[in-house]
Amino acid sequence: MTARLRTLLSDLGRMLQALSGMMFLSVVVGLVWGEYYVVPGFLLSGGLALGIGWSFTRFGERAELGKLHGMMIAASGWLLVALFGSLPFLFVAWTVHLAPSWLAVPASVDTPTLAAFRGPINSVFESMSGFTGTGLTMTTHENELPHALQWWRSFTEWVGGVGVIVLTTAILSRPGSGSLTLYESEARSKKIHPSIVSTVRTIWWIFLLFTFVSISLLWLAGMPVWDAINHGMTGLSTGGFSITDDSIATYQSPLIEFALVPIMILGSIAFPVHYLMLQGDLHNIYRDLQTRWVFIYFSAGSVGLAALLQQYGTYDSLFQSVRFGLFQFVSAASCTGFQTAEIGETWPPLSQLTVAFGMFVGASAGSTVGGIKLIRLLTLGKGTAHRISEIFYPSSAIRRFEIDGRILSAVELAREFEEAAIITLLWLVLLAVGIVGLLLLIPPGFTLENVVFEVASAQGNVGLSTGITGPTMALPAKILLVFNMWVGRLEIIPVLVLLRAVLVRGDRP
Amino acid sequence: MIRIPTEFPLLRSLSRAGNWERGYEILILCGPVVIVAIALLGRSLLTTALTAGYVLAFVSYLLWNALGS
């Protein structure tokens, strides 16, 4: 076993141990709700994750990490956590199916919704969707799930929202460990404190505070407390899992929808900016480039979408067009995926594509959103304009390029521009591959717009659906979307690095 | 500066773990209390006032910090 593989095993082991902690903690929810039949499933899942995690750390070895291994751990860690995170779905579904007499499983919980999780791929899909903060689901009636599994779905999104990798950098951290590499490979490069550990800790405190405020706000808006807890967690983490059958449309309440909009926006703003604003520097709302553009982009998109809905006469009144346009654009651009409208069935194609564009771009880097991120789009836009205008200046002219308050040298500009261009290109290529693949795998009846929407939703970690995703979907289509969710969360490059390392025997340049 | 009574071991360790603004730390500590209260007592004038007070306290502290900086 190579030294690098031992290092990889050590860190993956610690991630699994942290995951087992999440599973053991979730047992409490089953006990509180009197769902004793879920307890063995969660304990067994936690025991397996703990045992395998322990053996990984036993055979592994802690060492300094390079960028290559940081990326490999990010990609393999996310996959492994999603695989093990599927166990509670699988075990609880089989427990209910087998219904051992000593567990007194109520007959009412043996529903087709839960039965879908007896298929391992459905459980893995749900878990990957949760940990990547996507929100696409294999359930047909979320309200039929046991409360403990409803909680597990929300919990995976909540933890995944900040990042399993970021969580575990606190656990794995040691001096000179390359934690910063892990942190950067999860696309969070702005720093709160010089130390990565205290940065991650502060991010968790902020996240926890915002979660309590979100839950309180939703409850005040009229949501029942259990619903508020779950939607507060999944709304802030811009995950979008719901515990109700029709997502947020269930409540038919404009007040709840308007209360969710600021919660989703909170999740779309970079956490270092949150930190500064909480310290009293509220000027960052307009001073920080990304935050300023979050508001501009969300406002423009919502107005545009509402105008389209109004023009096509999708809704009876202007208020309804604004209500649904605002909520669905913010839900899409923040990559949350809460749904209040039947987008696939009732919305005109242009409106669907507007929402798909929102999902493709996303919001701030350093937040919990997916997509290519606004900063990359801005870098590409400003960089392209800079390159074109260069032609009009004499070759001796010294020009400055400024973005996000930073003046970049020619070399830095080339690097930033190149990175943004490569990620955007890879994003589009994988999107195209996913679209072609899904077109071949789905039954007739769905349009091209539907397919573009669904793949963009999976890869952007959004979770809005036109109805393609579901337990009856073909197995290869499920695997395809799982892959899209995985590469989307990690912004492609770490996954490609891992695949190359596996296929080309790891360490060779 | 708002201070957490750190003579209690649990509060002391929580306070050290946070190393952040004391006001926000208090809000984090009160959060679960508010949620348990609304879960156990249901929707009433008292719990509505408590929860609204919690949200208002957060907004007020945020603005207070902004004015003070």
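Student: Among contacts in chain A between residues at least 6 apart in sequence, what percentage join residues at least 24 apart?
Tutor: Keep in mind that this is a predicted model. Take the chain A contacts between residues at least 6 apart in sequence. The share that joins residues at least 24 apart is 73%.

Student: How many helices and how many strands are there in chain A, and what percentage of its residues count as buried?
Tutor: Chain A holds 23 helices and two strands. Its length is 509 residues.

Student: How do helix 4 and helix 7 of chain A run relative to each other?
Tutor: Helix 4 covers residues 87–98 and helix 7 covers residues 147–162. Their axes come within 10 Å and cross at roughly 170 degrees. An angle over 145 degrees counts as roughly antiparallel. Therefore helix 4 of chain A relative to helix 7 of chain A is roughly antiparallel.

Student: Which residues make that contact between helix 4 and helix 7 of chain A, and how many are charged?
Tutor: Helix 4 of chain A contributes A:P88, A:F89 and A:V92. Helix 7 of chain A contributes A:L149, A:W152 and A:R153. By class, five are nonpolar, none is polar, and the charged count is one.

Student: Is helix 20 of chain A roughly antiparallel or oblique to helix 21 of chain A?
Tutor: The axes of helix 20 (residues 410–441) and helix 21 (residues 448–459) of chain A come within 9 Å. They cross at roughly 130 degrees. That angle makes helix 20 of chain A, relative to helix 21 of chain A, oblique.

Student: Is the crossing of helix 20 and helix 21 of chain A left-handed or right-handed?
Tutor: The helix 20 side of the contact includes A:W427 and A:G434, and the helix 21 side includes A:E454 and A:Q459. The contact residues divide into eleven nonpolar, two polar and one charged. The crossing itself is right-handed.

Student: How many residues of helix 22 of chain A are buried?
Tutor: The 15 residues of helix 22 (residues 475–489) should span 21 Å at 1.5 Å a residue, and the end C-alpha atoms are 21 Å apart, so the two agree. Buried residues include A:K478, A:W486 and A:R489. Helix 22 of chain A is mostly covered, and its buried count is eleven.

Student: Which residue just after helix 22 of chain A takes a positive phi?
Tutor: Look just past the end of helix 22 of chain A. The phi there is about 55 degrees. The residue is A:E491.

Note on methods:
Residues numbered from 1 in each chain as written. Chains lettered and ligands numbered in written order. Predicted model: local features only at pLDDT ≥ 70, side-chain atom pairs only at ≥ 80, totals over all residues. Heavy atoms only, no water. Axes fitted to C-alpha atoms, helices over the stretch in contact; angles between N-to-C directions. Helix = DSSP H or I, 4+ residues; strand = E, 2+ residues; numbered from the N terminus. Parallel < 35°, antiparallel > 145°, perpendicular 65-115°, else oblique. Contact = heavy atoms within 4.5 Å. Nonpolar A, V, L, I, M, F, W, Y, C, P; charged D, E, K, R; others polar. Left-handed = near helix turned anticlockwise from the far one by under 90°. Buried < 20%, exposed > 50% of the residue type's maximum accessible area, 1.4 Å probe, protein only. Expected span 1.5 Å × (residues − 1).
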